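Hello,

Here is the structure I promised to pass on. My notes follow below it.

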Amino acid sequence: MCLDIKTITLEKDFLHILKGKATKKERSQFFESLAHNSNLKSEFMAFQKIWVLNNMKYRSRDKKKIKKSFNRFWSDINTSYSLYRRIWPTLSTAVALLAICLIVSNLLFKDLFFTSVETFTISSPKGNISSVELSDGSKLWFNSGAKASVTVYNHDKITVELNGEAFFDIPHDKNREFIIEMGEYSVYDLGTQFNLKYDKDNQLINLSLFEGEVAFKKGENNLYSDLLPGEALNYNIKNAHKTVYQCDKDYITAWKHGKFVFIDQPLIEIAKELEEWYDVTIEFGNGELKDDLFSGVIKRRTSMEHILKVLQLTSNLNYAIDYQKDGSCYVIFE
Amino acid sequence: MDIDLQGVISGKKRAFEDIYNKYFDLLFYLAVGYVNDYTRAEDLVHDAFIKLWERRKDLYSDSNVKNLLYTITKHNCLNHLRQQEIIAKNCRDYLIPELKYRQEALDNFANSFEDVESLLVIVERAIDNLPEDIRMVFKMNRFENLTYREIASKLDVSPKTVEARISKALKLLRVELKDYLPLAQLMFWFLR
C-alpha cells in the first residue's frame, strides 16, 4: 500500500487535535474549516470514531482510581441524590440576585494610612454588588449577599474575613501580606487576580485564579499552592475533597458585570431567582420540569418575558403570564 | 461475566460494582472522546450510573443494562454539548463550530451498544490486517500504552518514525473502515 505524504500529514493534524495538543486558535480554525468542508469533516469524523472505539476497548484507568470512583458513586446514591453534581455547586448557588441598576459603591479608605490597625466591615445587600478600593490599590468586588470584614495592619498586612463571593485584584507588594480568611481556611495572595467564594452553609470553597499565584491553607498547613492561572479549585470542607479544573474568567466573573449565570441549574432554582428578581410568583403546572437543567448567561436588565422566551426556545417548556388586578403577577410553567 | 440483573434491580452493591467495573471506563472513554474534558466526562458517566440506580426498579428481567447505560451516557454527552453551545453563544462564540461538530459526530456514533460491539470486532480485524511493522508500533502504543519515545527506544528507531507509522496505521484503518461509516455521512457524497 502506498501513502503519500499529504495524507499522513492529515492524520497527524487529526491526532494533534484529538490529543488536545492544539492551541485554542488552532482548534477554532480547524473546526471552522470542517464546517465548510464536508469531505474533510467526514474524514475527521471517521478518524475520531476509530480513535474513540480504540480507547473504549483498550484503555482503562488504574484499578485504584476505578475503586475510588465506585466508592464515590456508592456513597452518593446512599446519601443524597442532589449531592452528585460536584463540579459547579458553588457557582450555581453563587448566582444571587443583583439589582437591575447596579449600585456600585466606591469607598476609599485613605485614612487607613494614619492608624496602625483599622477594621471595617462591608456587606453587599441582596441585589447589589459592592466594590472597594483599599489604600494600597487593591480592588475588591463583593457579590450580592457577601459579607466581609477587612483589617489593615500597619500597611504590612491586610486580612479579609469573607463569607460569600468576591473578586480580588491585588497588586504585587512583597512588603505586604494579603490574607483572606474563611473560618479556619485561608488564601494567601501573592499579587494576583482571583475569584473566591466561601459558601459557609454548604461548607464549600471555590477559588478561581486568573493571574499570579495564591496559596490555600488550613491553619498553618498548606493545602494547595500549585493552582495555575486559568484553573479553579473546588474544596469541600466536609470531606476535604478537592477538584481542580480549567475555568473561564469571563464566565466566572459574569456576576461582576451584572449577568445571570446558570450552569447546570435546575429550573426550580432558576424560578426562585426570577421570583425574587422580577417580583413575580412562579408556579409549576408540570412538576417534572422542576429538575430540568439549564445553562446560560443572561443580562440582568433583560425583561422577564425575554428570559422566559429563551427558556422556552431551548427546551420543551411552555409558560403563561397572568397579571392580577392587584398588580401582582403569576407565571405558570407547563 | 454476566450481569446479575436481579441484583441490580434489588440494588445489591456487588451487582452494581460488577457493571461499574465492566462498563464505566468504556463509557468514560466514549465521553472523553467527544466531550474532551476528563472531569466532565467522568461526571457524565457517573450520572448515567446514578440514573440506572434511580430507575433500577423499572427494569425487567430481560432489560439490556449495558445498552441502557450506553444510551444514557450518549444522551448526557449530547445534552452537555448542547448546553455548552448555548453558553458559548453569549461569550465564547469561537467555540461554536467545534461544539456543533462534536454533537454531529457523537450523534453519528453507534446507535446502540450492539453496534459498538460489532464495530469493535471490525476494528480489531482491520488492525490485524495492517502491515507487520506498522501494526507492531500501533499495538505497542494503543494497547500497551507506551509513548512514542518508549517505542522508539525499544525498536531502535527514531520517535519520528514511530509517529509516522502510527499515523499510517490510523490512515489505513480509516480507509479500511470507511465502508462501515453510517449512511448519513455517505449521503454527503451524493448530495454534494
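S135(A) sits in the loop between strand 3 (130-133) and strand 4 (139-142) of chain A. Please keep in mind that this is a predicted model. S135(A) counts as partly exposed, because its relative accessibility is 29%. H155(A) is 20 residues away from S135(A) along the chain, and their C-alpha atoms are separated by 8.9 Å.

Is T192(A) buried or exposed? Its relative accessibility is 2%, so T192(A) counts as buried. Leaving aside residues up to four places away in sequence, T192(A) touches F168(A), D169(A), I170(A), L209(A), E211(A), G212(A), E213(A) and V214(A).

Now the interface. On the chain B side, 72 residues are in contact with 65 residues of chain A. About 7000 Å² is buried between the two chains, and carbon and sulfur atoms give 61% of that area. Eleven residue pairs are in polar contact between chain B and chain A, both partners being at pLDDT 80 or more. Several elements of chain B give two or more residues to the side that touches chain A, including helix 3 (38-54), helix 4 (65-91) and helix 6 (113-128). Which helix gives the most? Helix 2 of chain B does, with 13 residues. By type, the residues on this side of chain B divide into 39 nonpolar, twelve polar and 21 charged.

Next, the charged pairs. Side chains of opposite charge can pair when their charged atoms come close. Over all chains, the whole structure holds 17 salt bridges. Eight salt bridges are counted between chain B and chain A. Here are some pairs to look at:

- R27(A) and E98(B) form a salt bridge, with the closest N and O atoms 2.8 Å apart. The pair crosses between chains, from helix 2 (residues 24-36) of chain A to helix 5 of chain B. Both R27(A) and E98(B) are buried.
- K67(A) and E17(B) meet through their side chains in a salt bridge at 2.9 Å, N to O. K67(A) is in helix 4 (residues 63-78) of chain A and E17(B) is in helix 2 of chain B, so this pair joins two chains. K67(A) counts as partly exposed because its relative accessibility is 42%. E17(B), at 16%, counts as buried.
- R61(A) and D25(B) form a salt bridge through their side chains (3.0 Å, N to O). Both belong to a network of salt bridges that links R61(A), R72(A), D25(B), E42(B) and D43(B).
- K160(B) and E163(B) form a salt bridge, the closest N and O atoms being 3.7 Å apart. They are three residues apart in helix 9 of chain B, so about one helical turn separates them. K160(B) counts as exposed at 59% relative accessibility. E163(B) is partly exposed, with a relative accessible area of 22%.

Last, the nonpolar cores. The largest has 86 residues, and the members that touch the most others are F44(A), F73(A), F16(B), F49(B) and F109(B). Helix 2 of chain B gives the largest share of this core, 15 residues. Which residues does F16(B) touch? Not counting residues up to four places away in sequence, F16(B) touches F70(A), F73(A), W74(A), V8(B), G11(B), L52(B), W53(B) and R56(B). Another core, of 34 residues, lies apart from the largest one, with M182(A), Y185(A), Y198(A) and I205(A) among them.

Best wishes

Definitions and conventions:
Residues are numbered from 1 along each chain as its sequence is written. Chains are lettered from A and ligands numbered from 1 in the order in which they are written. This is a predicted model: local features need pLDDT of at least 70, side-chain atom pairs count only at pLDDT 80 or more; totals for chains, interfaces and linings use all residues. Side-chain values use heavy atoms; hydrogens and water are left out. Contact means heavy atoms within 4.5 Å. Buried area is the accessible area (1.4 Å probe) that two parts lose on being put together, summed over both. A salt bridge is a side-chain nitrogen of Lys or Arg within 4 Å of a carboxyl oxygen of Asp or Glu. A polar contact is a pair of N or O atoms within 3.5 Å; within protein, one must be able to donate a hydrogen and the other to accept it, and residues adjacent in sequence count only if both atoms are side-chain atoms. Helices (H or I, at least four residues) and strands (E, at least two) are DSSP runs, numbered from the N terminus. Ala, Val, Leu, Ile, Met, Phe, Trp, Tyr, Cys and Pro count as nonpolar, Asp, Glu, Lys and Arg as charged, and the others, Gly among them, as polar. A nonpolar core is a set of buried Ala, Val, Leu, Ile, Met, Phe, Trp, Tyr and Cys residues joined through side-chain atoms within 4.5 Å. Buried means under 20% relative accessible area, exposed over 50%, partly exposed in between (1.4 Å probe, protein chains only).
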